[in-house]
Amino acid sequence: MEQLTAIDSAQPRQICRWHSYPDRTALNVAAAEFILAGAAHAITARGVFHIVLAGGATPREVYGLLRERRTDWSAWRVYFGAERCVPVDDPVRHSSMALPTVFAPVSVAQETFHSLPAQPAARVAAHVTPAFLARATTP
């Protein structure tokens with residue numbers, strides 16, 4: 001058996017969990033349920049749930065399932081991650097996909113959404129994002 005050194009033993013062991021699903025639909029349902037369980041736990045523990053949504057076609061079905069479920073939408077704080085450096089109304093922005101897919105059919109206050117300031121340019125956005133996140137996550 002391999003002996004751990006002092007450095008190795010100080011590192012927490014990573015737990016690897018693999019989940020297998022019979023098809024994409026089952027995977028999407030499980031992902032939506034996982035997000036909703038996390039939301040319920042965070043809302044119970046802290047009164048607020050912070051989530052960063054990805055863009056693109058991959059999560060679209062999961063987001064569609066979220067809007068069909070019951071949750072305290074008023075406690076959600078939604079951030080759009082890896083936003084593209086394009087104008088706010090550009091259809092390739094992640095927020096342009098997620099807002100109509102998930103949140104248009106449910107009653108959610110506009111202050112729930114936090115789009116990273118990516119429209120100026122990547123260098124400017126990288127500079128202002130830490131202050132933006134600090135303001136957005138301060139109770």
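Visitor: Where in the chain is the place of Pro59?

Guide: Pro59 sits in the loop between strand 1 and helix 3. Helices here are DSSP runs of H or I with at least four residues, strands are runs of E with at least two, and both are numbered from the N terminus. The model is predicted, so local features need pLDDT of at least 70 and side-chain atom pairs count only at pLDDT 80 or more, while totals for chains, interfaces and linings use all residues. Residues are numbered from 1 along each chain as its sequence is written, and side-chain values use heavy atoms, with hydrogens and water left out.

Visitor: Why does Pro59 count as buried?

Guide: A residue is buried under 20% relative accessible area, exposed over 50%, and partly exposed in between (1.4 Å probe, protein chains only). Pro59 has 13% relative accessibility and therefore counts as buried.

Visitor: What makes Ala54 partly exposed?

Guide: The relative accessible area of Ala54 is 42%, and therefore Ala54 is classed as partly exposed. Ala54 is also found in the loop between strand 1 and helix 3.

Visitor: Why are helix 2 and helix 3 called oblique to each other?

Guide: The axis of helix 2 (residues 24–46) and that of helix 3 (residues 60–67) cross at roughly 55° and come within 9 Å. Such axes are lines fitted to C-alpha atoms, for helices over the stretch in contact, and the angles run from 0 to 180 degrees between N-to-C directions. Angles under 35 degrees count as roughly parallel, over 145 as roughly antiparallel, 65 to 115 as roughly perpendicular, and the rest as oblique. Helix 2 and helix 3 are therefore oblique to each other.

Visitor: Which residues of helix 2 meet residues of helix 3?

Guide: Arg24, Asn28, Val29, Ala31, Ala32, Ile35 and Leu36 of helix 2 meet Glu61, Val62, Leu65 and Leu66 of helix 3, where contact means heavy atoms within 4.5 Å. Sorted by class, this contact has eight nonpolar, one polar and two charged residues. Ala, Val, Leu, Ile, Met, Phe, Trp, Tyr, Cys and Pro count as nonpolar, Asp, Glu, Lys and Arg as charged, and the others, Gly among them, as polar.

Visitor: Why is Asn28 called buried?

Guide: Asn28 has a relative accessible area of 5%, and is therefore buried. This residue of helix 2 touches Glu61, Val62 and Leu65, leaving aside residues up to four places away in sequence.

Visitor: What makes Arg24 partly exposed?

Guide: The relative accessible area of Arg24 is 46%, so Arg24 is partly exposed. Arg24, too, lies in helix 2. With residues up to four places away in sequence not counted, Arg24 touches Ala57, Thr58 and Glu61. Arg24 and Glu61 are 37 residues apart in sequence, and their C-alpha atoms are 9.5 Å apart in space.

Visitor: Why is Ala42 called buried?

Guide: For Ala42 the relative accessible area is 3%, and the residue is therefore buried. Ala42 is found in helix 2 and touches Gly47, Val48 and Phe49, again without residues up to four places away in sequence. Other buried residues of helix 2 include Ile35, Leu36 and Ala39. The cover over the buried residues of helix 2 includes strand 1 (49–53), helix 3 and strand 2 (76–80).

Visitor: How do you know what span helix 2 should have?

Guide: The expected span of a helix is 1.5 Å times one less than its number of residues. The 23 residues of helix 2 should therefore span 33 Å, and the end C-alpha atoms are 32 Å apart, which agrees.

Visitor: How many helices and strands has the chain?

Guide: The chain has five helices and three strands, in the pattern α-α-β-α-β-α-β-α along the sequence. Of its 139 residues, 33% count as buried.
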